[in-house]
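Biologist: Could you walk me through the pockets and the helix packing here, in plain words?
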Amino acid sequence: MNPILPPFPHTRLRRMRRTQALRDLAQENRLSVKDLIWPIFITDVPGADVEVSSMPGVFRMTLDGAVRAAEEAAKLGIPALCLFPYTDPAVKTETCEMAWNPENISNRVIRAIKAEVPEIAIMTDIALDPYNANGHDGLVRDGVILNDETVECLVKMAIAQAEAGADILGPSDMMDGRIGAMRAALEAAGHSDVTILSYAAKYASAFYGPFRDAVGATGALKGDKKTYQMNPANSDEAIRLVARDLAEGADMVMVKPGMPYLDICRRVKDAFGVPTYAYQVSGEYAMLMAAVKNGWLDHDKVMLESLMSFRRAGCDGVLSYFAPAAARLLAQG
Ligand SMILES: NCc1[nH]cc(CCC(=O)O)c1CC(=O)O
């Protein structure tokens, strides 16, 4: 861009900011309820359907609660829900079989929502951590996260979710080769319409802390995820990962976390022009809500400003725990 800018006073940039009507006309980006994906935590553990202490206003839901959330999302116009299971430590094993069990909580919730509110798109999470005694996204042997063996498990998980009726599969595991393996397996199993939103540029971030509380992984996780999630210092590597996942058959890509990585969102959108999403993760939500609770920030204003920042950075949409609150506010105009 090469702006033509005659000298002052011919140019007075404040002219276009004088009234709301002029500001509306000059506005470059807009935030709509249609840009939102609402992540929810689901559980079948009795008594676990409570507020997540580090995420004020976010509650784990039972199957019935999740169906009600889908009804609410439909009423508000939110196009998609993303499901994250909180599991009983007793079902977590080192081999993670529960991850591809058609009767696990995620797959039951997918079927229940699809039966009651079919118009809502259901996104899933594909990674072994909710079912892994080690808390890692992949199988662990002698302290090493196994890539190829994990991919086989992830493919089984993907097929089980597709069979349950998921619309969007969200591999969040960061193993190499998983998108291609899943795409081939989906085609072979007759699920050629199931979309993949790859967590392509997912960083080893400290901002996931509250999420690990929400899904009950905090105690289980041994060590960190730095051998598979990205180094927060890297940017070119994100471009290579996105290129790789698109080449393997991803329909959409994600950058995660969101606000500390808006530069990556912009680079990805400019480089590829594909449907690009950001995940405003649990720690970002917790951070804003903590300041709101202290009376230091205005809830509605920071919520909308933070969500708009993703649109300005080139994102087509955003996964956010603020989705229902933002949708209600956007409906008021
Ligand atoms: N596969 C796990 C997964 N999927 C989504 C999140 C984080 C989401 C959030 O913080 O809101 C994580 C956590 C992690 O990688 O440890």
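Biologist: Which helices each supply at least two residues of the lining of the second largest pocket?
Modeller: Keeping in mind that this is a predicted model, helix H10 (299–312) and helix H11 each give at least two residues to that lining.
Biologist: And which residues line the second largest pocket?
Modeller: The lining is made up of Gln27, Arg30, Leu31, Leu304, Met308, Leu329, Leu330, Gln332 and Gly333, and by class these are 5 nonpolar, 3 polar and 1 charged. The space in the second largest pocket comes to about 270 Å³.
Biologist: OK, what volume does the largest pocket have?
Modeller: Its volume is about 350 Å³, and 21 residues line the largest pocket, with Trp38, Gly57, Val58, Met61 and Pro324 lying nearest its centre. Two or more lining residues come from each of strand S1 (36–43), helix H2 (63–76), helix H9 (282–293) and helix H11 (323–331).
Biologist: How many of the residues in that lining are nonpolar, polar and charged?
Modeller: The lining of the largest pocket has 15 nonpolar, 3 polar and 3 charged residues.
Biologist: Switching topic, at what angle do H7 and H8 pack?
Modeller: Helix H7 (residues 236–247) and helix H8 (residues 262–272) pack at about 45°, and their axes are 10 Å apart. H7 and H8 are therefore oblique to each other, and H7 passes H8 in a right-handed crossing.
Biologist: Which residues make that contact?
Modeller: From H7 there are Asp236, Ala238, Ile239, Val242, Ala243 and Leu246, while H8 brings Ile264, Arg267, Val268 and Phe272. The residues of this contact of H7 with H8 divide into 8 nonpolar, no polar and 2 charged.

Definitions and conventions: Residues numbered from 1 in each chain as written. Predicted model: local features only at pLDDT ≥ 70, side-chain atom pairs only at ≥ 80, totals over all residues. Heavy atoms only, no water. 1 Å grid on protein atoms, 1.4 Å probe; cavity = no way out; pocket = protein on both sides within 12 Å on 5 of 7 lines; lining within 4 Å. Points joined across faces, edges and corners; volume = space filled by probe spheres on them. Helix = DSSP H or I, 4+ residues; strand = E, 2+ residues; numbered from the N terminus. Nonpolar A, V, L, I, M, F, W, Y, C, P; charged D, E, K, R; others polar. Axes fitted to C-alpha atoms, helices over the stretch in contact; angles between N-to-C directions. Parallel < 35°, antiparallel > 145°, perpendicular 65-115°, else oblique. Left-handed = near helix turned anticlockwise from the far one by under 90°. Contact = heavy atoms within 4.5 Å.
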